[in-house]
Amino acid sequence: MSQFSQVVLASQVVNATISGTVSNTPPLTHGVIIVNVSARTGGSITPSIEGYDPASASWYTILTGTAMSTVSQQVLQVGPNFAATANASVNTMLPPTWRVTLTSASANLTASVGANLAP
């Protein structure tokens, strides 16, 4: 099984809600998404993985992680072979277009998001 690594959001100061979008080419159904908070002076972020519905031109939530309010790392897993675990993993495929959103709660921190993807 071929694996691909991708930067979803490069390291940046987060002080508002931001999203990084990924289009899977070729179709990749498994993802391990790593959210890294490397510096923090206040607030928190909550990461979520969202899929795109082309029929309604809207985003839907696949998985929401836990709030991050310290310098730390959080790993979120999406794929048909992962056991469902609250706020950590979900047993479903990544859709062709998906994104990671970092929802800010008065955040003032530096964060990045990377992904390891596989068919």
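This is a predicted model: local features need pLDDT of at least 70, side-chain atom pairs count only at pLDDT 80 or more; totals for chains, interfaces and linings use all residues.

User: What does the secondary structure come to, in helices and strands?
Analyst: The protein has 0 helices and 7 strands. Helices (H or I, at least four residues) and strands (E, at least two) are DSSP runs, numbered from the N terminus. Along the sequence the pattern reads β-β-β-β-β-β-β. The radius of gyration is 14 Å, close to the 14 Å of the globule rule for 119 residues, so the protein is as compact as a globular protein of that length. That radius is taken over C-alpha atoms, and the rule is 2.2 Å times the number of residues to the power 0.38.

User: What does the C-alpha trace span along its principal axes?
Analyst: About 40 × 30 × 25 Å.

User: And how much of the protein is buried?
Analyst: Buried residues are 41% of the 119. Buried means under 20% relative accessible area (1.4 Å probe, protein chains only).

User: New topic. Which strand does E3 pair with?
Analyst: Strand E3 (residues 30–53) runs antiparallel to strand E4 (residues 58–64), with 6 bridges joining them. Strands pair if DSSP finds at least two bridges between them. Tyr52 has Trp59 in E4 as its bridge partner.

User: What about the turn?
Analyst: E3 and E4 form a hairpin with 4 residues between them. In the turn, Ala57 has a positive phi of about 55 degrees.

How values were computed
Residues are numbered from 1 along each chain as its sequence is written. Side-chain values use heavy atoms; hydrogens and water are left out. Buried means under 20% relative accessible area, exposed over 50%, partly exposed in between (1.4 Å probe, protein chains only).
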